[in-house]
Amino acid sequence: MRNENITRLTISGLIAALCYVGYAVFPAINASGTKVHLGNAFVVLGALLIGGLYGGLAGAVGLSLADILSGYAASSPRTFITKLVIGLIVGLIAHKIAKINESHKSSYIIKWSAIAAVAGLGFNCIFEPVLKYVWYTLLTPDAEKATAAIAALVAVTTYATIINAAINSVVGVILYNALRPALYKANIFPVKASA
């Protein structure tokens, strides 16, 4: 039991670091107020490896830290919330609904890891503008930013957010399905992932 907790905590730290690197270090494209980056791919990877709670928290910490250190400290609380929700959705679908840790059939695992990633990042395409709108309307009123957020919501989302979700879904699923067999072989794959 203690060994499992140490493994999960170690992977959480690694995922947080990878999320930071995916946002702050890898080349990124700024488009229409959204930064297309690879940080969300590591949130997905974390949720698939260690479950939604730990993976989501690791992603939330890593990407919030990236915001703070990149000069976007004001958006870090929203980043924390959105990344945690991404992880929780991916973990719920992958581990509670599909129970991917209980299967060794690669086609099943690929299918459900892809469904979980698309669901988590797809939900984020709607959730992020809604959260921005609520944030700038109720919590820190800013009429101009609230108007921009609602414009993004009415358009469902910006093209950059959709591109970001698609790229990060593909990268997260590829990384998970590439790492999973190696982690099993090394006997360090977490047996029970949290939802």
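Helix 2 and helix 3 cross with a right-handed sense (a crossing is right-handed if the near helix is turned clockwise from the far one by less than a right angle, and left-handed if anticlockwise). Helices here are DSSP runs of H or I with at least four residues, numbered from the N terminus. The model is predicted, so local features need pLDDT of at least 70 and side-chain atom pairs count only at pLDDT 80 or more, while totals for chains, interfaces and linings use all residues. Residues are numbered from 1 along each chain as its sequence is written, and side-chain values use heavy atoms, with hydrogens and water left out.

**Helix pairs**

Axes are lines fitted to C-alpha atoms over the stretch in contact, and angles run from 0 to 180 degrees between N-to-C directions.

| Pair | Angle | Axis distance |
|---|---|---|
| Helix 2 (residues 39-50) and helix 3 (residues 52-69) | about 155° | 7 Å apart |
| Helix 5 (residues 106-139) and helix 7 (residues 159-185) | about 150° | 9 Å apart |
| Helix 3 and helix 4 | roughly 155° | within 7 Å |

Its angle makes helix 2 roughly antiparallel to helix 3 (angles over 145 degrees count as roughly antiparallel, under 35 as roughly parallel, 65 to 115 as roughly perpendicular and the rest as oblique). Residues of helix 2 that meet helix 3 include Gly39, Val43 and Ile50, and their partners in helix 3 include Gly52, Tyr54 and Leu63; contact means heavy atoms within 4.5 Å. By class, this contact of helix 2 with helix 3 has 5 nonpolar, 6 polar and no charged residues. Ala, Val, Leu, Ile, Met, Phe, Trp, Tyr, Cys and Pro count as nonpolar, Asp, Glu, Lys and Arg as charged, and the others, Gly among them, as polar.

Helix 3 is also roughly antiparallel to helix 4, and the crossing of these two is right-handed. In helix 3, Gly52 and Asp67 are among the residues that meet helix 4, where Lys83 and Gly91 are among the partners. The contact of helix 3 with helix 4 divides into 9 nonpolar, 8 polar and 2 charged residues.

Helix 5 is roughly antiparallel to helix 7, with a right-handed crossing. Their contact includes Ile109 and Cys125 of helix 5 and Thr161 and Arg180 of helix 7. By class it has 11 nonpolar, 5 polar and 1 charged residues.

**Helix 4**

Helix 4 covers residues 76-97, and its 22 residues should span 32 Å at 1.5 Å a residue; the end C-alpha atoms are 30 Å apart, which agrees. The expected span is 1.5 Å times one less than the number of residues. A kink of about 25° is centred on glycine 91, where the bend is the angle between axes fitted to the seven residues ending there and the seven starting there. Just after helix 4, lysine 99 has a positive phi of about 50°.
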